Amino acid sequence: MSTKGKHILLNGSPIYLKGISIHEESLLRARRAHSLEDAKDLLEKAQELGCNYVRLAHYPHNEHMVRLADKMGLLVWEENPVYWTIDWENETTYKNAEHQLSELIYRDKNRASVIIWSMANETPTSNARNLFLKQLAAHTRKLDSTRLISAALEQKDYQGNTEIRTIEDPFADVVDVLSFNEYIGWYDGLPEKCSRITWKIDQDKPILISEFGAGAKQGLYGTIDERWTENYQEYLYVETLKMISKIDNVQGMSPWILIDFKSPARTLPNIQDGWNRKGLISDDGVKKKAFFVLKDFYLKK
C-alpha cells in the first residue's frame, strides 16, 4: 500500500475503500465474537453491504477476522486501543500501548488483508498526546514500513464558523491517511445540516471518514426528523453521503457501525435498553433502511 496526493494506491492503482466499522461482537449471540463462525457472520454481512474494506475498532480483534479477511479479499484497518483521554504523561501507559501495538503488528504484519495500522481513536490534542502518538507512529514504522498509518481524529469548526469544518491536529502531519470521525446530523444538529456544511482541509493526503452515523431502533418508523426511527437514520445516511462526496480528497469511509452492540451506558428505555443502536443491522439480525442506502452507494462506486 502507498499514497500519492489524494489517492490510496493498492499495487500502484487507486482504490476507493468502501468500508464499515466493526466491533468484536457476535451477530445473534450477544457475546464477544471469538470463533471462525463469528468472523464469517460479520465479514459476510460486510461483503453483502458492498464493502471491500473493514475497520476493526477500537482494539485488536481475534485472529479469525484477519485470517478470513485474507481469504475473502477484504482489506483491513487494525487499531490500537488508545481511546479518548488517557494518562499521556505516564510512561507505563505508553509502554502498555506500545506493547499492544507491537503484538498486533508481529501477529498480522504478514497478512495480505491488513493495509492500515491505526494509532488511536478520538484523542483530543495536547502536547503530551502529540508526543505519545508520534512515538507510537515512529515505533510502528520501524516494525513495519509497508503499511499505512492513520488514526481516527476529530474535526472542528474553522475559525469559529460552525458551518465550515477543518482538521486542526499536529498528528495530521504524521499520518499517511487523514481519517476523522464526524456525527453531523446526530450529535450535531439534524441531518439537513449536512447540506450547509463545507470543508476546508489543507492537508494533501487521502481522506477516510472513519465514523459517521445515527441511532435507530429497528422496526421503529416515523418522519425523517424523528430521532431513533429508521427513517431518521436513513435520511442521515443520504445527506451525509452527499456531503462527503463533495470533499475532494475522500477516498473511502467506514460508517459506525455494522451491527447494534451491547453498551450498558445506553439506557434510553424501549429504545436502547443497554444497546448502541447505530448499527445498520439490529441485534437480532434484521437490516435497517440505512443498510440499503449505503449498499446502493457502494454498488455505484
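In the predicted model, Glu 122 is a buried residue, its relative accessible area being 15%. The residue is placed in the loop that connects strand 7 (114–121) with helix 4, and its backbone adopts a positive phi of about 50 degrees although Glu 122 is not a glycine. Thr 123 is found in that loop between strand 7 and helix 4 as well, and, with a relative accessibility of 4%, it counts as buried because the limit for that class is set at under 20%. When residues up to four places away in sequence are not counted, Thr 123 touches Val 82, Tyr 83, Trp 84, Trp 88, Arg 129, Leu 133 and Glu 154.

A positive phi of about 50 degrees is also computed for Asp 273, which likewise is not a glycine. Asp 273 belongs to the loop between strand 15 and strand 16 (275–276), and its relative accessibility of 45% places it in the partly exposed class.

Two cis peptide bonds are described here, and each involves a loop residue. The bond that joins Ala 57 and His 58 is cis, with omega at about -15 degrees, and His 58 lies in the loop between strand 5 (53–56) and helix 2 (63–72). The bond between Trp 256 and Ile 257 is cis with an omega of about 15 degrees, and Ile 257 is located in the loop that runs between strand 14 (250–253) and strand 15 (261–262).

Strand 4 (residues 17–22) pairs with strand 5 in the parallel sense, and 4 bridges are found between them.

Strand 2 (residues 7–10) is joined to strand 3 by 2 bridges in the antiparallel sense, and the bridge partner of Leu 10 in strand 3 is Ser 13. In the other sheet, 3 strands follow the order 9-10-12 and the pairing is mixed; here the edges are formed by strand 9 (156–158) and strand 12 (198–199), and because each has a single partner strand, one side of each is left without a neighbour in the sheet. Strand 9 and strand 10 (residues 161–166) run antiparallel and are joined by 3 bridges, with Tyr 158 standing opposite Asn 161 of strand 10.

Helix packing was examined for two pairs. Helix 3 (residues 91–108) and helix 4 (residues 127–143) pack at an angle of about 30 degrees, and their axes are 10 Å apart; as angles under 35 degrees count as roughly parallel, the two helices are therefore assigned to that class. The crossing of helix 3 with helix 4 is right-handed. Helix 3 contributes Thr 93, Tyr 94, Ala 97, Glu 98, Leu 101, Ser 102, Ile 105 and Tyr 106 to the contact, while helix 4 contributes Phe 132, Gln 135, Leu 136, His 139, Thr 140 and Leu 143. Divided by class, these residues comprise 8 nonpolar, 5 polar and 1 charged.

For helix 5 (residues 230–245) and helix 6 (residues 289–299), the axes come within 7 Å and cross at roughly 25 degrees, and helix 5 and helix 6 are therefore roughly parallel to each other. Helix 5 passes helix 6 in a crossing that is right-handed. The contact involves Glu 230, Asn 231, Gln 233, Glu 234, Tyr 237, Val 238, Leu 241 and Ser 245 on the side of helix 5, and Lys 289, Ala 290, Val 293, Leu 294 and Phe 297 on the side of helix 6. By class, the contact of helix 5 with helix 6 has 7 nonpolar, 3 polar and 3 charged residues.

How values were computed
Residues are numbered from 1 along each chain as its sequence is written. This is a predicted model: local features need pLDDT of at least 70, side-chain atom pairs count only at pLDDT 80 or more; totals for chains, interfaces and linings use all residues. Side-chain values use heavy atoms; hydrogens and water are left out. Axes are lines fitted to C-alpha atoms, for helices over the stretch in contact, and angles run from 0 to 180 degrees between N-to-C directions. Angles under 35 degrees count as roughly parallel, over 145 as roughly antiparallel, 65 to 115 as roughly perpendicular and the rest as oblique. A crossing is left-handed if the near helix is turned anticlockwise from the far one by less than a right angle, and right-handed if clockwise. Contact means heavy atoms within 4.5 Å. Ala, Val, Leu, Ile, Met, Phe, Trp, Tyr, Cys and Pro count as nonpolar, Asp, Glu, Lys and Arg as charged, and the others, Gly among them, as polar. Buried means under 20% relative accessible area, exposed over 50%, partly exposed in between (1.4 Å probe, protein chains only). Two strands pair if DSSP finds at least two bridges between them.
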